[in-house]
Amino acid sequence: EPVKKELICWIGLESKVKVINNGINLRSFKKSKRLNFSLSEKEKINIGMSGRFVLQKDHETLIKSLNEIHENVNLFLFGDGPLLNELKLLVKKLNLTERVIFKGWVNDINKELDKIDLYVQSSNWEGFGLSVVEAMAKGIPVLGSKVPGLKEVIGSNKYLFKKNSKNQLVEKINFILDSDQNYYLASDYALKMSRKYSEELMIENYLDLYKNLS
């Protein structure tokens, strides 16, 4: 819907714009094996985020939040971009070099997500949170900025935090990691929401559109 609004502002023709959500092959995103363990059994808890290091993303808020979370929590960042060196300097300044791991571009995000316990998409704006859907499809609890393009995909204020709000993000992370009950409720919710973005549903919607063109 946010992309639709921007497109209409740009070209008009509102009656000719229809939204079909992206979909993924849910069968290829198997439930993460890390979900088979209690939080207390894990020596390290890994947070992950995927995205280019650009102004659209808000890696800074996520990195800063790490200083107020238990020291056994690490952060894996997947991606590259013009702000990489700036973010590395921030990590060094905050003495987080042992806890923030820059993974660069990865060929198989599915495999990398198997190492992640909590996925956070901290963004200033989004068109559609495809990375969020991929994490949810593996049953990984997800948090995201309350911005268009993410709030629709995540769908619950319980798992959304105010954009650029480190304090609210810390509060949400601690809530999910506070107990196995909170954690696995978030996991079940993520799996349920991911089913709204299946490849099959996307194809079905395209076919319906073609069949009804006049």
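Trainee: Where is N164 found?
Mentor: N164 sits in the loop between β6 (160–161) and α7 (166–177), where helices (DSSP runs of H or I, at least four residues) and strands (runs of E, at least two) are numbered from the N terminus. This is a predicted model, in which local features need pLDDT of at least 70 and side-chain atom pairs count only at pLDDT 80 or more, while totals for chains, interfaces and linings use all residues. Residues are numbered from 1 along each chain as its sequence is written, and side-chain values use heavy atoms, with hydrogens and water left out.

Trainee: Why is N164 called partly exposed?
Mentor: Buried means under 20% relative accessible area, exposed means over 50%, and partly exposed lies in between, with a 1.4 Å probe and protein chains only. The relative accessible area of N164 is 43%, so N164 is partly exposed.

Trainee: And why does L13 count as exposed?
Mentor: L13 has a relative accessibility of 53%, and therefore it counts as exposed. L13 lies in the loop between α1 (2–11) and β1 (45–50).

Trainee: What is the phi of L13, and what is that of N164?
Mentor: Phi is positive in both cases, about 55 degrees for L13, which is not a glycine, and near 70 degrees for N164, which is likewise a residue other than glycine. As background, most residues other than glycine have a negative phi. N95, which follows α3, also has a positive phi, near 60 degrees.

Trainee: Which residues of helix α3 are buried?
Mentor: In α3 (residues 84–93), the buried residues are L84, L87, L90 and V91.

Trainee: How do you know that the buried residues of α3 line one face?
Mentor: Seen down the axis of α3, they fall within an arc of 120 degrees, so they line one face of the helix; the arc is that of the directions from the helix axis to the C-beta atoms. On the other side of α3, N85, E86, L89, K92 and K93 are exposed.

Trainee: What do the buried residues of α3 pack against?
Mentor: They pack against α2 (59–65) and β3 (100–104), contact being defined as heavy atoms within 4.5 Å.

Trainee: How do you know whether the radius of gyration agrees or disagrees with that of a compact globule?
Mentor: The rule is 2.2 Å times the number of residues to the power 0.38, with the radius taken over C-alpha atoms. For 214 residues a compact globule would have a radius near 17 Å, and the protein has 18 Å, which agrees.
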